[in-house]
Amino acid sequence: MARVLKMLLAVLVSGVVMLASAAGQAPAGLACGKYDEVVAQLGELFEERLLGQGLADSGVLIEIFVSPQGSFTVFATTPHGQSCLIASGEAWEPSPQEESFAAR
């Protein structure tokens, strides 16, 4: 599990760097689209719903969508509303329980 999280983090960081340097334009080679359309397709095609999100220092919004079947998708959205696929996969582990965040 830790290895998968490290790999996902590496992909996220490289994706955020690419998005931040694009200044609102889609980086070459990434699948991108309008935020509302991307979210609708994730729900309709894969039954994925928003699990969590965070704002990177660059202003890029990182979101993770997960389905009850365990598929997941990670998207980065620029302040201009351009959403780009960062990663997707299967076998998502259940999210941490509330008590895991007691120190917050």
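Which residue in E4 stands opposite Val66? Val66 stands opposite Phe72. The model is predicted: local features need pLDDT of at least 70, side-chain atom pairs count only at pLDDT 80 or more, and totals for chains, interfaces and linings use all residues. Residues are numbered from 1 along each chain as its sequence is written, and side-chain values use heavy atoms, with hydrogens and water left out. Helices (H or I, at least four residues) and strands (E, at least two) are DSSP runs numbered from the N terminus.

**Sheet**

- An open sheet of 5 strands runs in the order E1-E5-E4-E3-E2, with antiparallel pairing; two strands pair if DSSP finds at least two bridges between them.
- Strand E1 (32–34) and strand E2 (49–55) are at the edges with a single partner strand each, so one side of each has no neighbour in the sheet.
- Neighbouring strands are turned by 30° against each other on average, direction ignored. Axes are lines fitted to C-alpha atoms, for helices over the stretch in contact, and angles run from 0 to 180 degrees between N-to-C directions.
- Strands of a sheet pair through backbone hydrogen bonds, either parallel or antiparallel.

**Strand E3 and its partners**

- E3 (residues 61–66) and E4 (residues 72–77) pair in the antiparallel sense over 6 bridges.
- E2 and E3 also pair in the antiparallel sense, over 6 bridges.
- Glu63 in E3 stands opposite Gln53, and its bridge partner in E4 is Phe75.
- The hairpin of E2 and E3 has 5 residues between the strands, and Gly59 there takes a positive phi near 95°.
- In the hairpin of E3 and E4, with 5 residues between the strands, Gly70 has a positive phi near 100°.
- E3 is mostly covered, with 5 of its 6 residues buried; buried means under 20% relative accessible area, exposed over 50%, and partly exposed in between (1.4 Å probe, protein chains only).

**Helix H2**

- Helix H2 (residues 35–46) packs on the sheet and touches E1, E2, E3, E4 and strand E5 (82–89), where contact means heavy atoms within 4.5 Å.
- The direction of H2 makes about 105° with that of E1.
- The 12 residues of H2 should span 16 Å at 1.5 Å a residue, and its end C-alpha atoms are 16 Å apart, which agrees. The expected span is 1.5 Å times one less than the number of residues.
- Val38, Leu42 and Gly43 are the buried residues of H2. Seen down the helix axis, the buried residues fall within an arc of 130°, so they line one face; the arc is that of the directions from the axis to the C-beta atoms.
- The buried residues of H2 pack against E1, E2, E3, E4 and E5.
- Asp36, Glu44 and Leu45 are exposed, on the face of H2 turned away from its buried side.
- Glu47 follows H2 and has a positive phi, near 60°.

**Aromatic pair**

- The structure holds 1 aromatic pair. Rings of Phe, Tyr and Trp (its six-membered ring) pair if their centres lie within 6.5 Å; planes under 30 degrees apart count as stacked, over 60 as edge-to-face and the rest as tilted.
- The ring centres of Phe72 and Trp92 are 5.1 Å apart and their planes are at 55°, so the pair is tilted.
- Phe72 lies in strand E4 and Trp92 in the segment after E5, so the pair ties together parts that are 20 residues apart in sequence.
- Phe72 is buried, with a relative accessible area of 12%, whereas Trp92 is partly exposed at 23%.
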